[in-house]
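This report goes through selected contacts, strands and residues of the structure shown below. Please keep the sequence and the 3D view at hand while reading.

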Protein chains: 4
Amino acid sequence: MSNTLGNLFKLTTFGESHGKALGGIIDGCPAGIEIDFELVQNELNRRKPGQSKIVTQRKESDTVQFLSGIFEGITTGASIGFVVENENQKSNDYDHLKDTYRPSHADFVYEKKYGHRDYRGGGRTSARETVNWVVAGAIAKQIIPTVKINAFVSSVGNISLTTNYKDLDFNLIESNPVRCPDIITANKMEELIASVKKEGDTIGGTITCVVQNVPVGLGEPIFDKLHAELGKAMLSINAVKGFEYGSGFESAKMKGSEHNDLFNEDGTTKTNFSGGIQGGISNGMDIYFKVAFKPVATLLQKQNVLTNKGEIIEQQGKGRHDPCVVPRAVPIVEALTAIVLVDNFLKNKVNSL
Amino acid sequence: MSNTLGNLFKLTTFGESHGKALGGIIDGCPAGIEIDFELVQNELNRRKPGQSKIVTQRKESDTVQFLSGIFEGITTGASIGFVVENENQKSNDYDHLKDTYRPSHADFVYEKKYGHRDYRGGGRTSARETVNWVVAGAIAKQIIPTVKINAFVSSVGNISLTTNYKDLDFNLIESNPVRCPDIITANKMEELIASVKKEGDTIGGTITCVVQNVPVGLGEPIFDKLHAELGKAMLSINAVKGFEYGSGFESAKMKGSEHNDLFNEDGTTKTNFSGGIQGGISNGMDIYFKVAFKPVATLLQKQNVLTNKGEIIEQQGKGRHDPCVVPRAVPIVEALTAIVLVDNFLKNKVNSL
Amino acid sequence: MSNTLGNLFKLTTFGESHGKALGGIIDGCPAGIEIDFELVQNELNRRKPGQSKIVTQRKESDTVQFLSGIFEGITTGASIGFVVENENQKSNDYDHLKDTYRPSHADFVYEKKYGHRDYRGGGRTSARETVNWVVAGAIAKQIIPTVKINAFVSSVGNISLTTNYKDLDFNLIESNPVRCPDIITANKMEELIASVKKEGDTIGGTITCVVQNVPVGLGEPIFDKLHAELGKAMLSINAVKGFEYGSGFESAKMKGSEHNDLFNEDGTTKTNFSGGIQGGISNGMDIYFKVAFKPVATLLQKQNVLTNKGEIIEQQGKGRHDPCVVPRAVPIVEALTAIVLVDNFLKNKVNSL
Amino acid sequence: MSNTLGNLFKLTTFGESHGKALGGIIDGCPAGIEIDFELVQNELNRRKPGQSKIVTQRKESDTVQFLSGIFEGITTGASIGFVVENENQKSNDYDHLKDTYRPSHADFVYEKKYGHRDYRGGGRTSARETVNWVVAGAIAKQIIPTVKINAFVSSVGNISLTTNYKDLDFNLIESNPVRCPDIITANKMEELIASVKKEGDTIGGTITCVVQNVPVGLGEPIFDKLHAELGKAMLSINAVKGFEYGSGFESAKMKGSEHNDLFNEDGTTKTNFSGGIQGGISNGMDIYFKVAFKPVATLLQKQNVLTNKGEIIEQQGKGRHDPCVVPRAVPIVEALTAIVLVDNFLKNKVNSL
């Protein structure tokens, strides 16, 4: 029930942070898609730890092996199985977690819910799981090559990118370790993260995602609205606390006469408060949404933790962790977006016979 | 694919604004639940139009008929079919919509997606659909009577309720037509809505929902996290543009050392930035979240609309519409919350044999 | 989980034999299908009791009301809600069932599973549920008008129709109350049923279904094979004990050299032991399968029943029941076949983008 | 859609006969189950080719690697990923299949449906897929250790085991290569298979499965009846053409007065024509069913095949194949039965709160 994303293009995943491997099965990939494996690896590299000074220095090669469903480089319509082996695990780093529950982590609730848990590095709760999502997202992107998906960091702590996305050059996103396409803002963000890291602390941030070239008609009415599926996917990412699309929370302050997007004669609209989606269905305008990430809960400071005997003890945070998760989450946001879109492209094919 | 909410407690719905009836099937309701039909009707009455001056003056009796699954007042475990007949339809009010697409409505995208649509009153896109949700929510609430679900209006336009929810008296929610438990703020909101209405305009707002007495362990890991399911449900409501839980978007500005919820010895936490959910699983603390609603798109003003011939013409908004949707959306938010919770109570039963 | 058939063309149903109404929701019906309502009613009439001397003399008008999803006679892509009201219920006929469990009925297991059941006329377990299936099947048939689905009674007790289906005139199926297209065999079957009825006894039989004009490629590999979905649907019909397709159980006695269907140059095959399906996917040849029905368990004789106090008492069967269920089950077999086929037509649309 | 079996205990699989590996994900395995890995390997060994002279002489080590979801030998409730690597592939044996479609194989329909296929050894259509099912079945068996599942070969060609299953000693099933618990019949079957093999031919057969110690109440009403789920699972096995449970096709010849299973005072029944299931729900009596397998389509003889240019040419069957599939299918039938049962045990847990 809980390890599958999508209905027609379905990703089912497995794996723990310090188990043998993570992996997944992509079921419902159309036949006849030529797969560019370098592109897949490239996306994995974007997510990989150790890319810059402001992210965790763990080293993981994050090499994916495809085991089925692709023959002579082309998808066959069969389920695509893949694995990403775990390497460079320092499980001993996590022995102190066996009997303790870290604040604002899922240790406690997993213990209560399941009774038996792989505590090493968070086990199944680890964001290492997102490596699977990036693999599937990289396949999804290749199914809909004309759709342009660009995510970027739009704020870190109090430093926000205020430029309208239309005035940004998405080519600059990868030009800096923060993945913010405005270099001046990016520098400020980078400094903030560095200073927070120095304190052994962490900081939150937001990611904005823009999707261009989406045809009219994607998305299902009522309970599977396109933005509801995007929202659910984003809220699946570790540390995400909020999702808004189009005018978002700001719309709650507006009047209808300000907010309505008047039509042009060709069906496009003069403004786009709607964020490219009406009644849950894409209207051909750009889709854009924003995702809020809380600060990572693992601090490299002393903190009070709860033991399984009901005691509060002081514990020093250990391991290799990100001081700010948003730069590495950019390819994850894009990957889930691609998966949701492909799923909805397929759903849209069955509206008529 | 698109008309079902829930996995184990499943609501599937049908119905158009001006068709014969709306209705649904609740599949997966446990056997042996004694149903209080008055309570169901009471929830419907809360959602009903025409309750006060600040909501639409349409008259709908909104009487639900249960057709199956309940025998001698007690659920049998069989699927529960129900219908709510449409009355007092003024379909002629909508003749002007046959060939035109209103701005920020779903007319245009439905036409493009399906080719053939019931244009009367928005047809399937109408928020009248939510009558079905309130019926199912009222059943769901009775399955988990110990859980307390309270939603209320937390802002209308620029008027916000700033009091922490712990200092509010939820008994006051129904004391005023806005459904804001702070009377002074409620009055201001009511005035704002009245003045907006006078202009033939509309205004957005937010609803906050607080869920108390939730046991530890509800919610599934990875893709069906409890907050992701709540978020998706909320984003299914007409006019919703954003969802956040716990510290929400504010968390993106915070440091980990500020944000972490330190444990007490009994497993409760000293703060609750987490909003009662860790890693997608309830931790026993209060769950709270906020939902942003855009201003209703139907204005009782002249507005430019698009015709199906690609012309822009001026059209006067007609019909009976809400100037602000949030007061009537309060029971809808509660209903969906109840449905998601029951679904997760059931899911949680299969974690062990 | 249990009241839905189909994945993309989905029927969800509700209703008890002696409740207010039965009904269902068809979700996933493509938009733009013109519905012939007479054809729907015609199928219902074929299933209806009281059509001849050899079926039950209950009178039910079995009139379906469509409540949504069809506008101006054409489907809109929205979910189609429908109800069939119960009339002419003689619930008092069933008072004797309140505290007793009839042999080879589901009374006992429902009581044990759910604790509380609608015992009147079998409640949810009654074959009256199949009225819903026939409604949805009649819609499904209209979605794929070129596909020809013909079911007929191929045996009653020891009287079997041995003619190959290719030598039968399907136009004769409706010419006699048994629905056997060979008149001489039909007469024998009719006599057998009449004599069994006289004894207050019942008799089993089989139905054969032939599907023609199915294109190559319907059906999914591995777990949703076309014949597996047909088999599951048939095994959902009350009283069904077996399903075989193509060469069926006979194939277990054959050698590969006898059984293999050699190709013609155009991809058709010289023989059709495969029954039109290879590896779960239609190959363009006729699909044919056979379904075995046990004798109806309700006898109009004295029989020992179990009481809820654990006593065995003698009870006289009452009510109006079919001495042989297969003639009325013919349209049900066809309806489920049509639903499964439409579902697979839709599934087949998403194999490529 | 097509690579998943089960709803709450879900197996999703991947893999081609001559790809790198097969494997799967078990989602929904309850936490806290201690896994006996030897038992899993033991089941794999039962399915493995090369066990005796009457099965294919391919050598595959069929070693499963579990990658997640089991920590310190105990399930954690997380998804269980596993892979079985392919070894000893002789892909060159299959070069002749690149451009040809073998009779009664799925080559032709896969080509037409997907356009691009892995032709080596049948690719995804190969029964090698069942190795995944046996892995999941071996886990499932350990979740419900008190339930006894015994499958055995009940016929090969015209040689049938006629003894009632109650008079058989299930301990003898593994005593002979045919897996028939009656030694004299087993010998005859073995001789028949040997002689068929000599001719380069193949032969069909049936498997009977008996499930004991099932509690009352498993199975869902209407569309997910227990026998319908068992039937669908069995019809998913390569080469299966028919399924019957309890009295099966024989019931179609019987009268109700003969067929009804009269109750004992304790709720058991004097006879068991019902096959342990009433109205789709287990009644506590033994469940038994029979599955018909056609003869394997691959002959080691010359046969006419179709080329992708529409020509009929003669081809000599090559490779290592089973002359009769039923002995090796015994553990597969048991595995799928176990999976369906566990799924229904879990479903049954949510009938009440």
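## Chain A against chain D

Across the interface of chain A and chain D in this predicted model, there are 10 residue pairs in polar contact, both residues being at pLDDT 80 or more. The elements of chain A that give two or more residues to the side touching chain D are strand E2 (10–14), strand E3 (21–27), strand E6 (74–75) and strand E7 (80–85). Sorted by class, that side of chain A has 14 nonpolar, 15 polar and 9 charged residues. The number of salt bridges between chain A and chain D is 0.

The size of an interface is often given as the accessible area lost when the parts come together. For chain A and chain D this area is about 3100 Å², with 59% of it on carbon and sulfur atoms. On the chain A side, the residues that lose the most area to chain D are Leu67(A), Phe71(A) and His116(A), which together make up 22% of what that side buries. The contact involves 38 residues from chain A and 38 residues from chain D.

## Chain C against chain D

Chain C and chain D meet through 104 residues from chain C and 104 residues from chain D. The area buried between these two chains is about 8100 Å², and carbon and sulfur atoms give 62% of that area.

Between chain C and chain D there are 8 salt bridges. Lys255(D) forms a salt bridge with Glu199(C), and their closest N and O atoms are 3.3 Å apart. The count of residue pairs in polar contact between chain C and chain D, both at pLDDT 80 or more, is 43. On the side of chain C that touches chain D, the classes are 43 nonpolar, 40 polar and 21 charged residues.

## Strands that pair between chains

Strands of a sheet pair through backbone hydrogen bonds, either parallel or antiparallel. Which strands of chain C and chain D pair with each other? Strand E12 of chain C, residues 240–245, pairs with strand E12 of chain D, also residues 240–245. The pairing is antiparallel and runs over 3 bridges. Within this pairing, Glu244(C) stands opposite Gly242(D) of E12(D).

## A sheet in chain C and strands in chain D

In chain C, 3 strands form an open sheet in the order E8-E16-E17, with antiparallel pairing. Strand E8 (100–101) and strand E17 (312–316) of chain C are the edge strands, since each pairs on one side only. Strand E16 of chain C, residues 302–307, is joined to E17(C) by 5 bridges. Gln303(C) has Gln315(C) in E17(C) as its bridge partner.

In chain D, strand E8 (residues 100–101) and strand E16 (residues 302–307) pair in the antiparallel sense over 2 bridges. Thr100(D) has Thr307(D) in E16(D) as its bridge partner. E16(D) also pairs with strand E17 of chain D, residues 312–316, in the antiparallel sense over 5 bridges. Here Leu306(D) has Ile312(D) as its bridge partner in E17(D). The hairpin of E16(D) and E17(D) has 4 residues between the strands, and Gly310(D) in this hairpin takes a positive phi near 80 degrees.

## A mostly covered helix

Helix H2 of chain D, residues 107–114, has 6 of its 8 residues buried. The buried residues are Asp107(D), Phe108(D), Val109(D), Tyr110(D), Lys113(D) and Tyr114(D). What do they pack against? From chain C the partners are strand E13 (277–278), strand E14 (281–282) and helix H7 (326–348), and from chain D they are E8 and E16. After H2(D) comes Gly115(D), whose phi is positive, near 80 degrees.

## One residue in a loop

Phe273(C) lies in the loop between helix H6 (256–259) and E13 of chain C.

Leaving aside residues up to four places away in sequence, Phe273(C) touches Gly246(C), Ser247(C), Met254(C), Glu258(C), His259(C), Asp261(C), Tyr288(C) and Lys241(D). Gly246(C) is 27 residues from Phe273(C) along the chain, while their C-alpha atoms are separated by 5.1 Å.

Technical notes. Residues numbered from 1 in each chain as written. Chains lettered and ligands numbered in written order. Predicted model: local features only at pLDDT ≥ 70, side-chain atom pairs only at ≥ 80, totals over all residues. Heavy atoms only, no water. Contact = heavy atoms within 4.5 Å. Buried area = accessible area lost by both parts, 1.4 Å probe. Salt bridge = Lys/Arg side-chain N within 4 Å of Asp/Glu carboxyl O. Polar contact = N/O pair within 3.5 Å; in protein donor to acceptor, adjacent residues only side chain to side chain. Nonpolar A, V, L, I, M, F, W, Y, C, P; charged D, E, K, R; others polar. Pairing = 2+ DSSP bridges. Buried < 20%, exposed > 50% of the residue type's maximum accessible area, 1.4 Å probe, protein only.
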